[in-house]
Amino acid sequence: MRRALKQRAGRRQLIALETDLLAELRALRHRVPHLAGGLVASVDGLLIAHDTHGTEPTGLAALTAAALGLAQRLADTTGQGDFRESLVRGEHGYVATYAAGSACVLTVLAHPDVNVGRLHLEARRSAERVGVLLEDSLGPKEVG
């Protein structure tokens, strides 16, 4: 019986966490005009929460992990320190990834007319809040 209650409490905690993460993603979308969506994923590519439309979030989370591995290696090899963020500019917009705590990342999609400075400012703040939410809810070793 106690085990079942613990499992239910764990599920409730995960649902509350997902609700908080979705609220943060939506708030970011509201603060940054021309933001198309975003997601939170573990560094190994597991989707945690998303607010994406028209983009398959599970695949994007996996691609984010692959790109993160390259970005981490590049930063390390060039002596730039730990990964903080990366930005990819394509013909039709941007994909930006930000460290969110020690085990997760925030990835956002933006249209080509986004103000990149505003995107960085707001997404960095959101990534910090996401990292705190995750570590407060799950503990630093249980994320991902």
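I began at Gly38, which stands opposite Asp51 in β2. The model is predicted, and I kept that in mind for each entry.

Entry: Strand β1 covers residues 35–42 and strand β2 covers residues 47–51; the two run antiparallel and are joined by four bridges. Together β1 and β2 form a hairpin, with four residues between them. In the turn I checked Gly45, which has a positive phi of about 95°.

**Entry: the sheet.** I then followed the strand order. The sheet is open, has five strands and reads β2-β1-β5-β4-β3, with antiparallel pairing. Its edge strands are β2 and β3, each of which pairs on one side only. On average, neighbouring strands in this sheet are turned by 15° against each other, direction ignored. I noted as background that strands of a sheet pair through backbone hydrogen bonds.

**Entry: β4 and β5.** I looked at this pair separately. Seven bridges link strand β4 (residues 93–100) to strand β5 (residues 104–110) in the antiparallel sense. Within the pair, I found Ala99 opposite Val105 in β5.

**Entry: Thr64.** Is Thr64 buried or exposed? I located Thr64 in helix α2, which spans residues 57–77. Its relative accessibility is 5%, so Thr64 counts as buried, the cut-off being under 20%. Apart from neighbours within four places in sequence, Thr64 is in contact with Thr97, Val105 and Thr107. Val105 is the residue I had already listed opposite Ala99.

**Entry: Phe83.** I went on to the loop between α2 and β3 (85–90), where Phe83 has its place. Phe83 has a relative accessible area of 11% and is therefore buried. Which residues does Phe83 touch, not counting those up to four places away in sequence? I listed Leu68, Ala71, Gln72, Thr97, Tyr98 and Ala99.

**Entry: the whole chain.** Last, I took the totals. The protein chain has three helices and five strands, and from the N terminus on its elements run α-β-β-α-β-β-β-α. Of its 144 residues, 38% are buried. Among contacts with a separation of 6 or more, 52% are between residues 24 or more positions apart. The accessible surface comes to about 8,700 Å², and carbon and sulfur atoms hold 54% of that surface.

Notes. Residues are numbered from 1 along each chain as its sequence is written. This is a predicted model: local features need pLDDT of at least 70, side-chain atom pairs count only at pLDDT 80 or more; totals for chains, interfaces and linings use all residues. Side-chain values use heavy atoms; hydrogens and water are left out. Buried means under 20% relative accessible area, exposed over 50%, partly exposed in between (1.4 Å probe, protein chains only). Contact means heavy atoms within 4.5 Å. Accessible areas come from the Shrake-Rupley method with a 1.4 Å probe; for residues, only the protein chains shown count as cover. Two strands pair if DSSP finds at least two bridges between them. Axes are lines fitted to C-alpha atoms, for helices over the stretch in contact, and angles run from 0 to 180 degrees between N-to-C directions.
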